[in-house]
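Here is a short briefing on one protein model. Look at the structure first, then work through the points by topic.

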Amino acid sequence: MRYLVVAVGLILGACAPRTSTSMLDSQTAAVSAKGGAIHSQGEITEALLQEAARQSLRRGYDYFQVVQSNSGADTLVSMSPTTFVNTGGGTYMAMPGVATTSSRPKGDLMVRFYRTRPDAPNVWEARAVLEEK
């Protein structure tokens, strides 16, 4: 039973967008997230805010302000192989492969951490963000 719980946890965890954080100074961080073809831009935004909230609490701050944000997607194009068909008499016809595209959403935030709520726009309470799951 224990192994089943661990396996389910690993599978569900693998479905979450990947996030990373780089500290720019003691109160400012750059948070990035990348998703897969199964993720929406909304899920990326949610992952970014949750990671910013976790980093805020981990560093002893209760609030964070989104100073800058960017979103977009990486578009991948893959092509199936071209096949050649013998049409007789030493002649071949090329049948081009099928092109498929997939989009993978991504996003970045620059956040500033605060111990008390600043009088500024785009301020989030870290605990409230994590409770909204």
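By class, four nonpolar, three polar and four charged residues line the largest pocket. Here Ala, Val, Leu, Ile, Met, Phe, Trp, Tyr, Cys and Pro count as nonpolar, Asp, Glu, Lys and Arg as charged, and the others, Gly among them, as polar. This is a predicted model: local features need pLDDT of at least 70, side-chain atom pairs count only at pLDDT 80 or more, and totals for chains, interfaces and linings use all residues. Residues are numbered from 1 along each chain as its sequence is written, and side-chain values use heavy atoms, without hydrogens and water.

**Aromatic pair**
- Y61 and F113 are stacked, at 5.7 Å centre to centre and 20° between the planes (stacked means under 30 degrees, edge-to-face over 60, tilted the rest).
- Y61 lies in the loop between α2 and β3 (63-79) and F113 in strand β6, so the pair ties together parts 52 residues apart in sequence. Helices (H or I, at least four residues) and strands (E, at least two) are DSSP runs, numbered from the N terminus.
- Y61 is buried at 8% relative accessibility, and F113 is buried at 0% (buried is under 20% relative accessible area, exposed over 50%, partly exposed in between, with a 1.4 Å probe and protein chains only).

**Backbone**
- N122 has a positive phi of about 60°, although it is not a glycine.
- Most residues other than glycine have a negative phi.
- N122 sits in the loop between β6 (99-114) and β7 (123-125).

Key: Phe/Tyr/Trp six-rings, centres within 6.5 Å; stacked < 30°, edge-to-face > 60°.
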